[in-house]
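Hello,

Here is the structure I promised to hand over. Have a look at it first, and then read on for what was found in it.

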Amino acid sequence: MTPARPPDCVRLVMAGADGSPSSLEAVETAAHEAELRRCALRLVHAFFWPAMHPPPGPSPLGPPDGGLREMVGRVVAEAVQRARTAAPDVETTNAVIAGEPLSVLERQSRTAELIVVGSRGLGGFAGLLLGSTAVHLAAHSHCPVMVVRGRKDPAGDVLLGADGSPAGRAAVGFAFAEASLRRAHLIAVHAWPPKTERALGPQDPLASVFDEDRLHDGAARQLSEALAGWQEKYPDVLVHRRLVKAGPREALIRASGSAQLVVVGARGRGGVSGLLLGSVSQALLHHAQCPVTVVRGTGEQ
């Protein structure tokens, strides 16, 4: 199958298509995202050739439409149909690329401004909340990765996890742009666990050393620094700042119940050097109640 290739200069939203119900939902979401951005849509099917190297066509002993080529053709055709039904005016192309899916999608992400995947793909084990493709791309993609999960609420707010870390700056800019595109409010959340409970325990005599007002003021300062300059760039976006004395994972997962999209950086404050995906972003990918976009900071390896 010869893929239709859009010109290199065309802005692209990309989606992975493997035929699973989760990926078809991602294809529809990607079509709407492309329509929102006035971009082209490219559907990518990564074709991993089995180790036994069976012939691409149907077996003489099997049905005439049972070959690998026919199977891939059906997967791609269904994805294209779903995309064009969701967004008829979006230019939709497709590519079938031989290779291991994680590596293929990572390479393809170099040419896109957003890649959309489902929370689980084919071959997922029962009981697992998130597929390996979503986790891998969130940590390695060259563009923001949207993982489609939970409930879709087009009228909801855009929720930003803002911790003021250098790695999170790209996520702040992306969240403002998304809120502007969607004409939605931006809810900027900075959460911190109470140190008296986390480090000392409420009954420890040293707990009085920590001044909760000072912790609150420090959190407010970090949130202000994280948002600095973006309100002027996006004056149409109404920003609500929320300071939450709770664990960041719990606070954002809870707030995602009324959001249409959550935006976080790949790593934040307290991230372990060498880990490409922080605990907060991983928790949201597994448990958020709406789609999640993970934005890697410039220069992250």
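**Starting from strand S1**

Strand S1 (residues 12–16) is mostly covered, with five of its five residues buried. Buried here stands for under 20% relative accessible area, exposed for over 50%, and partly exposed for what lies in between (1.4 Å probe, protein chains only). Helices (H or I, at least four residues) and strands (E, at least two) are DSSP runs, numbered from the N terminus.

Before going further, please note that this is a predicted model, where local features need pLDDT of at least 70 and side-chain atom pairs count only at pLDDT 80 or more, while totals for chains, interfaces and linings use all residues. Residues are numbered from 1 along each chain as its sequence is written, and side-chain values use heavy atoms, with hydrogens and water left out.

Which way do the residues of S1 point? Leu12, Met14 and Gly16 point one way, Val13 and Ala15 point the other way, and all are buried. In general, side chains in a regular strand alternate between the two faces of the sheet.

S1 has partners in two other strands. With strand S2 (residues 40–47), S1 pairs in the parallel sense over five bridges, and Ala15 has Leu43 of S2 as its bridge partner. S1 and strand S4 (residues 114–118) also run parallel, joined by three bridges; here Val13 has Leu114 of S4 as its bridge partner. Two strands count as paired if DSSP finds at least two bridges between them.

**The sheet around it**

These strands belong to an open sheet of ten strands with mixed pairing, in the order S3-S2-S1-S4-S5-S10-S9-S6-S7-S8. Which strands are at the edges? They are strand S3 (92–98) and strand S8 (239–244), each of which pairs on one side only. On average, neighbouring strands of this sheet are turned by 25° against each other, direction ignored. S3 runs parallel to S2, and seven bridges join the two; Ala46 stands opposite Ile97 in S3.

The protein chain as a whole has ten helices and ten strands. Of its 301 residues, 47% are buried. Among contacts between residues at least 6 apart in sequence, 78% join residues at least 24 apart, where contact means heavy atoms within 4.5 Å.

**Helices on the sheet and on each other**

S1, H1 and S2 make a right-handed β-α-β unit. Right-handed is used when, with the strands pointing away from the viewer, the path from the first strand over the helix to the second runs clockwise.

Helix H1 (residues 21–37) also packs with helix H5 (residues 169–182), at an angle of about 85° and with the axes 10 Å apart. The two helices are therefore roughly perpendicular to each other. Angles of 65 to 115 degrees count as roughly perpendicular, under 35 as roughly parallel, over 145 as roughly antiparallel, and the rest as oblique. Axes are lines fitted to C-alpha atoms, for helices over the stretch in contact, and angles run from 0 to 180 degrees between N-to-C directions.

Which residues make this contact? From H1 there are Glu33, Leu36 and Arg37, and from H5 there are Phe174, Glu178, Leu181 and Arg182. By class, the contact has three nonpolar, no polar and four charged residues. In this scheme Ala, Val, Leu, Ile, Met, Phe, Trp, Tyr, Cys and Pro are nonpolar, Asp, Glu, Lys and Arg are charged, and the others, Gly among them, are polar.

At the other end of the strand order, helix H7 (residues 212–227) lies across strand S6 (157–161), strand S7 (186–191) and S8, and runs at about 150° to S8. Helix H9 (residues 248–255) packs on the sheet too, touching S6, S7, S8 and strand S9 (259–265), and its direction makes about 175° with that of S6. Ala251, Leu252, Ile253 and Ala255 of H9 are buried. The cover over the buried residues of H9 includes S6, S7, S8, S9 and helix H10 (279–287).

Most residues other than glycine have a negative phi. Arg38, in the loop between H1 and S2, has a positive phi of about 60° although it is not a glycine. Arg38 is exposed, with a relative accessible area of 78%. Arg183, in the loop between H5 and S7, has a positive phi near 55°, and counts as exposed at 81% relative accessibility.

Buried or exposed: which is Ala266? Ala266, in the loop between S9 and H10, is buried, with a relative accessible area of 0%. The C-alpha atoms of Ala266 and Thr293 are separated by 9.4 Å, and the two are 27 residues apart along the chain.

Best wishes
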